[in-house]
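Biologist: Could you take one part of this model and go through it closely, from its own build to what it packs against?

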Amino acid sequence: MTSHPAPHGPHGSLMEADRTRRRPGSAEPAGREATRRGLALVRAYARGDSATIAAALDTTDPAVRTQLPSVTRDVLRLVVGCVLSGPRTLTPADVVRTAARIAAAGPPRHEPGTVRAVRAWASRDDAVLRTSWQDEAAGAHGRAVLAAALAVAAWGEAPFLHLLAAFDELTGARG
């Protein structure tokens with residue numbers, strides 16, 4: 001998978017809300033909301049929860065919409081790092097099959113593009129992958145589905161949801 005620099009520095013947008021604190025207990029609202037929604041989106045795909053997928057993307061705040069793909073990119077990077085640090089029993093075909101099942105929970109207009117992007121990732125076709133994720137919403141969906149598919153195929157749903165709960169705690173995204 002091609003690595004692209006994170007727009008929010010080397011730590012990525014998962015930590016953006018924490019780095020932009022102006023005073024204790026106060027973080028940049030759009031960054032914190034984008035983090036909350038990005039984690040909710042990935043979690044909803046892992047669970048196959050269509051209503052939560054729609055709710056995670058239902059925002060009129062342009063700053064949140066702009067940061068959401070960065071959050072899902074960071075979750076994807078973390079998942080890839082975790083999956084690759086363990087034994088390699090997962091095949092690209094496993095990920096594609098899981099992604100096709102998971103993507104069905106999302107909006108129908110994004111499902112074909114998301115599955116096409118995951119297939120491009122599996123075949124290492126970076127050109128198709130980049131063009132598939134240029135749009136903010138498509139990028140957020142595609143990365144969320146790929147992160148969920150990798151993790152669910154590698155570990156199962158429950159361990160992945162446990163990892164996302166740790167992300168929530170780390171970033172303060174819940175509550």
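Modeller: What follows is a close look at one helix, H9, and its surroundings.

The model is predicted, and within it helix H9 runs over residues 157-171. H9 has 15 residues and spans 21 Å from its first C-alpha to its last, close to the 21 Å expected at 1.5 Å a residue.

Around H9, the buried residues are Phe160, Leu161, Leu164, Phe167, Asp168 and Thr171. They cover an arc of only 105 degrees around the axis, which puts them on the same side of H9. An α-helix has 3.6 residues a turn, so residues three or four places apart point the same way. On the other side of H9, the exposed residues are Ala158, His162, Glu169 and Leu170.

The buried residues of H9 pack against H2, helix H4 (62-85) and H8. Of these partners, H8 covers residues 136-155, and it packs with H9 at an angle of about 125 degrees, the two axes lying 7 Å apart.

The residues involved divide into eight nonpolar, no polar and one charged.

Beyond the end of H9 comes Gly172, whose phi is positive, near 70 degrees.

Terms used:
Residues are numbered from 1 along each chain as its sequence is written. This is a predicted model: local features need pLDDT of at least 70, side-chain atom pairs count only at pLDDT 80 or more; totals for chains, interfaces and linings use all residues. Side-chain values use heavy atoms; hydrogens and water are left out. Axes are lines fitted to C-alpha atoms, for helices over the stretch in contact, and angles run from 0 to 180 degrees between N-to-C directions. Helices (H or I, at least four residues) and strands (E, at least two) are DSSP runs, numbered from the N terminus. Ala, Val, Leu, Ile, Met, Phe, Trp, Tyr, Cys and Pro count as nonpolar, Asp, Glu, Lys and Arg as charged, and the others, Gly among them, as polar. The expected span of a helix is 1.5 Å times one less than its number of residues. Buried means under 20% relative accessible area, exposed over 50%, partly exposed in between (1.4 Å probe, protein chains only). The arc is that of the directions from the helix axis to the C-beta atoms. Contact means heavy atoms within 4.5 Å.
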